[in-house]
Structures are given as structure tokens and as C-alpha cells.
Amino acid sequence: MSGGASDRLGRFLTAWLGAWPGTDGAVTAVASDRRAAPAWDGRANPIVGVVTPTGGVVSVRPDLHPAAAAALAGTAPADVPAALSDAVGGRVGAGIFRWSDDPVAFEPVGRWVPFDDPVVPPWLRPFGGEVLVATDDGGRYLAGVGLKRHDPTGEEISVGTEEAARGKGLARRLVSQAARRVVDERHAAVTYLHAPDNLASARVAEACGFPDLGWKVIFGAPA
């Protein structure tokens with residue numbers, strides 16, 4: 001175990017952020033060329049981090065490292081977004097970071113199709129590769145999951161359900177189906193991120209075996 005993470009998650013966080021773990025209440029700033037390179041969607045993410053109640057790592061573009069390191073020295077995990085926002089003159093936020101090595105297995109409800117299949121809605125197309133969709137008897141799209149393929153060690157789940165199809169358990173069954181594929185077939189870490197006020201997403205995560213352990217994802221960019 002590394003900083004409360006499983007070996008699988010630890011490998012992913014080390015690759016994604018450039019170091020892991022952050023422990024003993026310290027939050028470490030790491031300079032990484034990866035923050036200047038295109039991410040899963042082709043856009044660079046200058047600031048990405050994961051903090052836990054006992055520490056964490058924030059990965060930043062190399063030119064931001066001196067200011068970020070100075071700002072995070074002695075900073076408590078809960079104060080990281082505000083400290084970084086002041087240091088880089090930009091906007092830094094936080095979301096809920098969840099992960100699971102053994103997602104709950106619900107009955108599958110979706111089918112994997114190419115991202116450019118006619119049934120795939122616009123929001124799912126940027127994920128590329130295959131996406132997971134649930135359709136009605138007439139083949140109309142109801143809900144779907146895209147995977148942010150950060151690298152071979154870890155993938156992140158994104159789910160969306162059409163308003164008319166909500167309340168039927170589609171999201172949790174799709175998330176379960178996608179998560180099991182990542183864990184069982186790709187042997188990678190699977191994560192689930194959402195905004196703190198997205199209670200519907202939180203319920204789906206909990207149902208699928210992604211607990212809230214007090215971990216936060218940090219994201220942002222300089223002005």
C-alpha cells in the first residue's frame with residue numbers, strides 16, 4: 001500500500017502525477033513535462049493533483065513549479081486549491097476522487113461501440129476508441145460511459161444519462177460494466193471523479209463500490 005492506495009492505484013498515480021505517495025500531512029509539488037503535453041482529450045492540463053486527508057501530490061507544468069512548491073510548503077491538504085490559486089494567479093478547484101480495485105458487478109446493460117457510431121451522442125465522441133452505450137428497444141440512445149484513457153496504468157469513468165431515462169439504474173449498471181472491463185481485462189486502475197455537489201453521481205459511485213475516502217482531485221491552470 002502507498003499512501004492509502006492499492007499497488008494498482010499507486011502505479012497509476014505515480015505515472016499520472018510523477019510521484020506518489022504524499023504522506024505525513026505534506027502536499028508535494030512535482031514538476032512534470034506531462035502537464036505540458038496533450039492529455040486524453042488532446043488538451044494539456046497544467047495543474048493536476050490528488051490529495052488525501054494525510055497528504056498528496058500536485059503535478060504542475062515545469063515553469064509553474066517554483067511558485068507551486070513555495071505555496072504548498074506547510075499547506076494543509078484542504079487548503080491546496082486556495083494556495084495554488086494565489087500562487088499561479090489562476091483558478092484552481094477540487095473535486096471528489098474515488099477509486100476501486102473491486103467494483104460491484106451489476107448485470108450488464110450496455111454495448112461497446114466505436115466512438116463515431118451514429119448512436120453515440122456528441123458528448124461521448126471525444127473519448128475516442130470504444131464507448132459504452134445503453135439503448136431502448138428501438139436503438140435510441142439512453143445513457144453512456146466514456147473512458148478517459150490517461151495511460152495504460154489508469155482510466156477514469158465518465159457517465160451520462162438522458163433526462164427521460166433517469167431513475168432506472170442505467171448509470172450504475174453502465175459504470176459497473178465499464179469498471180469491470182478496466183480492472184479485469186486491462187488490469188488498470190479505475191477512478192471516478194465528480195463535483196462535490198453532484199449527489200446523483202455520488203450515489204452511482206457508492207452503489208458501484210467507489211467509496212468517498214476524503215480524497216480530492218486538484219485541477220486548474222494559470223491565468
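Where is the place of Ser 201? I located Ser 201 in helix α5; helices (H or I, at least four residues) and strands (E, at least two) are DSSP runs, numbered from the N terminus.

**Entry 1. Basis of the model**

I note that this is a predicted model, in which local features need pLDDT of at least 70 and side-chain atom pairs count only at pLDDT 80 or more, while totals for chains, interfaces and linings use all residues. Residues are numbered from 1 along each chain as its sequence is written, and side-chain values use heavy atoms, with hydrogens and water left out.

**Entry 2. Ser 201**

I looked up the accessibility of Ser 201. The residue counts as buried because its relative accessibility is 12%; buried means under 20% relative accessible area, exposed over 50%, and partly exposed in between (1.4 Å probe, protein chains only). I then set aside the neighbours within four places in sequence and found Ser 201 in contact with Tyr 192 and His 194, where contact means heavy atoms within 4.5 Å.

**Entry 3. The sheet**

I traced an open sheet of 10 strands with mixed pairing, in the order β1-β3-β2-β10-β4-β9-β8-β7-β6-β5. Two strands pair if DSSP finds at least two bridges between them. From one strand to the next, the twist averages 30 degrees.

Helix α2 (residues 65–72) does so, touching β1 and β3, and its direction makes about 175 degrees with that of β1. Helix α5 (residues 199–207) also packs on the sheet; α5 touches β4 (91–100) and β9 (189–194), and its direction makes about 155 degrees with that of β9. For these angles, axes are lines fitted to C-alpha atoms, for helices over the stretch in contact, and values run from 0 to 180 degrees between N-to-C directions.

**Entry 4. Strand β2 and its partners**

How many bridges join β2 to β3? I found 6 bridges between β2 (residues 47–52) and β3 (residues 55–60), and the two strands run antiparallel. They form a hairpin with 2 residues between them. Within this pairing, Val 50 has Val 57 of β3 as its bridge partner.

I then examined β10 (residues 216–221), which is joined to β2 by 5 bridges and runs antiparallel to it. Val 48 has Phe 219 of β10 as its bridge partner, and Val 51 stands opposite Lys 216 in β10. Strand β10 is also joined to β4, by 6 bridges, and these two run antiparallel. There, Ile 96 stands opposite Lys 216 in β10.

I recorded the burial of β2 as well. The strand is largely enclosed by the rest of the structure, because 6 of its 6 residues are buried. Ile 47, Gly 49 and Val 51 point one way from β2, and Val 48, Val 50 and Thr 52 point the other way.

**Entry 5. Helices α2 and α3**

At what angle do the axes of α2 and α3 cross? I read a crossing at roughly 140 degrees, with the axes of α2 and α3 (residues 80–88) coming within 9 Å. The two helices are therefore oblique to each other; angles under 35 degrees count as roughly parallel, over 145 as roughly antiparallel, 65 to 115 as roughly perpendicular and the rest as oblique.

I listed the residues that meet: Ala 67, Ala 68, Ala 71 and Leu 72 in α2, with Val 80, Ala 83, Leu 84 and Ala 87 in α3. The residues of this contact divide into 8 nonpolar, no polar and no charged. Here Ala, Val, Leu, Ile, Met, Phe, Trp, Tyr, Cys and Pro count as nonpolar, Asp, Glu, Lys and Arg as charged, and the others, Gly among them, as polar.

**Entry 6. Pro 77**

I placed Pro 77 in the loop between α2 and α3. Pro 77 counts as buried because its relative accessibility is 15%. Pro 77 and Pro 53 are 24 residues apart in sequence and 6.4 Å apart in space, C-alpha to C-alpha. Beyond its neighbours within four places in sequence, Pro 77 is in contact with Gly 25, Val 27, Val 51, Thr 52, Pro 53 and Gly 55.

**Entry 7. Backbone geometry**

Most residues other than glycine have a negative phi, and most peptide bonds are trans. I noted a cis peptide bond joining Trp 20 and Pro 21, with omega about 10 degrees; Pro 21 is found in the loop between α1 (7–17) and β1. I also noted that His 187, although not a glycine, has a positive phi of about 55 degrees. His 187 is in the loop between α4 (170–185) and β9, and is exposed, with a relative accessible area of 55%.
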